[in-house]
Amino acid sequence: MITFLVCLAILIGGYFSYGRIVEKIVGVSDKNETPATRLRDGVDYVPMPWHKVFLIQFLNIAGTGPIFGAISGALFGPVAFLWITFGTIFAGGVHDFLSGVISMKHEGTSVSELVGIYLGNKMKIVMRIFSVVLLILVGTVFVSSPAGLLSSMTSKSMAFWTALIIIYYIVATVLPVDKLIGKIYPVFGAALLIMAGGLCTAMFIGHANGTRPMMELTLQNLHPAGLNVFPFLFTTIACGALSGFHATQSPMMARCVKRESEAKRVFFGSMVVEGIVALIWCAVTIAFFGNTGAISEALAAGGGASGVVNIISKELMGTFGAVLAVLGVVACPITSGDTAFRSARLTIADAFNIKQKGFKNRFILALPLFAICIVLTQIDFNIIWRYFAWSNQTLATIFLWTGSAFLLKNKKNHWITTIPATLMTYVVISYILQAPEGFRLAAMPSNIVGIVGAAATFILFMSKVKKSQQ
C-alpha cells in the first residue's frame with residue numbers, strides 16, 4: 001500500500017513540477033490566437049471551456065485502456081506501478097502535451113501531417129496510412145468488446161449490438177463536435193473518475209481491516225506465463241502510461257482549446273489523470289486477487305478483463321459498482337471508438353485537403369471507414385487487439401521523435417522527448433521480433449537487435465542535432 005501511495009503522490013507531483021518544466025520548454029502564450037477561435041466553423045473548430053475539453057480529451061484517450069491494460073499489467077506484479085508512474089510523467093504526459101500544442105501551432109492539423117512537417121514527406125505518407133489503420137483497428141476493437149458484453153447480458157445477438165454501435169458511431173463521426181460528443185462525454189468522463197475513486201476507497205477500507213492486503217514493490221517479474229518485463233510490460237500497459245493513439249486524438253481537442261495556457265491542463269493533465277486511473281486499477285486488481293496466479297485464473301475463467309472488472313466492481317461496491325462496471329466496460333470503449341473514427345475522418349480530410357464543413361463531405365469520408373470496420377469485426381478480437389498494441393506504441397515512438405524534431409527546430413531542449421523516444425524504439429523493435437504475432441524469435445537476440453536499433457536511431461538523430469548547431 002505504501003508503494004501505491006508513493007506512486008500516486010509522484011504522479012500528482014509530476015503534473016505540477018515536470019508538467020510545468022515541459023510547458024516552459026515547449027513555450028505557450030495567450031498572445032497566440034488558437035485555431036478554435038481563428039478558424040471557428042461550428043463543426044470541428046469549436047471553442048469550449050477548458051474543463052469540458054479536458055473531460056472530452058480524457059475520455060477520448062481513456063476508454064477501457066487504463067482499465068484493461070492495467071489489469072493485464074498487474075500480471076507482472078507491483079513492478080507495473082513504476083511504468084505507469086514514470087511512463088505517464090516522462091513519456092505519456094510529454095507525448096500528449098506536445099501532440100496537442102504542436103497541432104495548435106499548425107491550425108489543429110492531424111498527427112500524420114505533423115509528422116510530415118518535421119520528419120519529411122516519406123514519413124508523412126507512412127503515417128497517413130499507419131494512423132488511419134490504427135484508428136480503424138481502435139474503432140473495431142471498441143465495437144467488438146462492448147457488443148460482446150452487451151450480447152452476454154441481454155437476449156439480443158452480438159450482430160444486433162454491433163449494428164447499433166456502428167450506427168451511433170456514424171452519427172457521432174459526422175455531427176459537429178459540440179452537438180453530441182461535447183454534451184455526453186463530460187458525463188461519462190466524470191463517471192469513470194467516480195468509479196476509480198470508489199474502488200480506491202474500497203481498497204483502502206479493505207486494507208485497513210486486513211481483507212485486502214497488497215504486495216509491496218518488488219522488481220521481480222511475477223508474470224505467471226513468464227513474459228519478460230522488457231518489452232512486454234511496455235506494450236501491455238499503453239493507455240495509462242504512453243499511447244500513440246493519444247496523438248491521433250489531441251488534434252481534435254486542439255481545435256477546441258480557447259487559450260494556449262490551457263494546454264497543460266487539457267493534454268498533460270488528462271494523461272496524468274489517466275495514469276492515476278490505471279494505477280488504481282492495477283493496485284485494486286493485485287489487492288483483490290492477492291497474487292498474479294489468481295489474476296491469471298480470473299482472466300482465463302471467462303469474460304477476460306471485462307469479467308474481472310465486473311467481479312471486482314460488484315464485490316467491492318455492490319449494486320452501485322455493478323452499474324459503474326457496465327458503464328466502464330460498455331460506454332467508455334464506445335466513446336473512444338467514435339472519436340477514433342472521427343479522427344480517421346479528419347486525418348483523411350487533412351491529407352487530401354477536403355473541407356469538412358459540409359455534411360455530405362463528412363458522410364462520404366466516414367462510410368468507407370465503417371465498411372472496413374464491419375469486415376474486421378468478423379476477425380478474432382484477440383488478434384486485432386495484439387496488432388493494435390504494437391502499432392499503438394510504434395505510433396507513439398514516431399511521434400516522440402517528431403516532438404524531438406520540433407524542439408530541435410525551435411532551438412529548445414529536445415531531451416524531454418529524445419530519451420523516451422529512444423527507449424520506445426527499443427521496445428517496439430524487440431517486441432515485434434519476439435511476440436507471438438511477430439517473428440517469435442528468442443528473447444536474447446530480439447532484445448539485442450532492439451538495443452542496436454534504438455542506438456542507431458539515437459545516433460542518427462544526434463548527428464542531425466550536431467549539423468543544426470554548426
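Let me start with L324. At 7% relative accessibility, L324 counts as buried. Buried here means under 20% relative accessible area; exposed means over 50%, and partly exposed is in between, with a 1.4 Å probe and protein chains only. L324 lies in helix α15. Helices are DSSP runs of H or I with at least four residues, strands are runs of E with at least two, and both are numbered from the N terminus.

A word on the source. This is a predicted model, where local features need pLDDT of at least 70, side-chain atom pairs count only at pLDDT 80 or more, and totals for chains, interfaces and linings use all residues. Residues are numbered from 1 along each chain as its sequence is written, and side-chain values use heavy atoms, with hydrogens and water left out.

Back to L324. What does L324 touch, not counting residues up to four places away in sequence? A191, I194, M195 and M317. Contact means heavy atoms within 4.5 Å. I84 is 240 residues from L324 along the chain, and their C-alpha atoms are separated by 23 Å.

Next, two covered helices. Take α12 first. Ten of the ten residues of α12 are buried, so the helix is largely enclosed by the rest of the structure. Among them are F245, H246, T248, P251 and M252. Now α7, residues 111–119. Helix α7 is mostly covered, with seven of its nine residues buried. Those are V111, S112, E113, L114, V115, G116 and Y118. After α7 comes G120, and its phi is positive, near 105°.

On to cavities. How many cavities of 30 Å³ or more does a search of the whole structure find? Two. A cavity is worked out on a 1 Å grid over the protein atoms alone: it is a set of points where a 1.4 Å probe fits but cannot get out, and lining residues have an atom within 4 Å of a point. Grid points are joined across faces, edges and corners, and the volume is the space filled by probe spheres set on the points.

I'll take the second largest cavity. It holds about 30 Å³ of space. Its lining is S110, T248, P251, M252, R255, S343, L346 and D350. Helices α12 (245–254) and α15 (304–352) each supply at least two residues of that lining. By type, the lining has three nonpolar, three polar and two charged residues.

Now the aromatics. A search of the whole structure finds 18 aromatic pairs. Rings of Phe, Tyr and Trp (its six-membered ring) pair if their centres lie within 6.5 Å; planes under 30 degrees apart count as stacked, over 60 as edge-to-face, and the rest as tilted.

Y15 lies in helix α1 (residues 2–16) and F268 in helix α13 (residues 263–289), so the pair ties together parts that are 253 residues apart in sequence. Both Y15 and F268 are buried.

Another pair is F288 with F289. Their ring centres are 4.9 Å apart and their planes are at 75°, so this pair is edge-to-face. F288 is buried, at 15% relative accessibility. F289 is buried too, with a relative accessible area of 17%. There is also a cluster: Y168, Y169, F341 and F370 form one aromatic cluster.

Y15 comes up again with a lysine. The charged end of K264 sits over the ring of Y15, 3.8 Å from its centre. The charged end of K156 sits over the ring of F160, 5.3 Å from its centre. The rule: NZ of Lys or CZ of Arg is within 6 Å of the ring centre and within 35 degrees of the ring normal.

Last, the backbone. Which residues does a cis peptide bond join? F230 and P231, with omega about 10°. P231 is found in helix α11 (residues 229–236).

Then the positive phi values. N353 is not a glycine, yet its phi is near 55°. N353 sits in the loop between α15 and α16 (359–376). N353 is exposed, with a relative accessible area of 61%. K411, also not a glycine, has a positive phi of about 55°. K411 is in the loop between α17 (381–409) and α18 (415–434). K411 is exposed, at 73% relative accessible area.

Conventions
On a 1 Å grid over the protein atoms alone, a cavity is a set of points where a 1.4 Å probe fits but cannot get out, and a pocket is an open set with protein on both sides within 12 Å along at least five of seven lines; lining residues have an atom within 4 Å of a point. Ala, Val, Leu, Ile, Met, Phe, Trp, Tyr, Cys and Pro count as nonpolar, Asp, Glu, Lys and Arg as charged, and the others, Gly among them, as polar.
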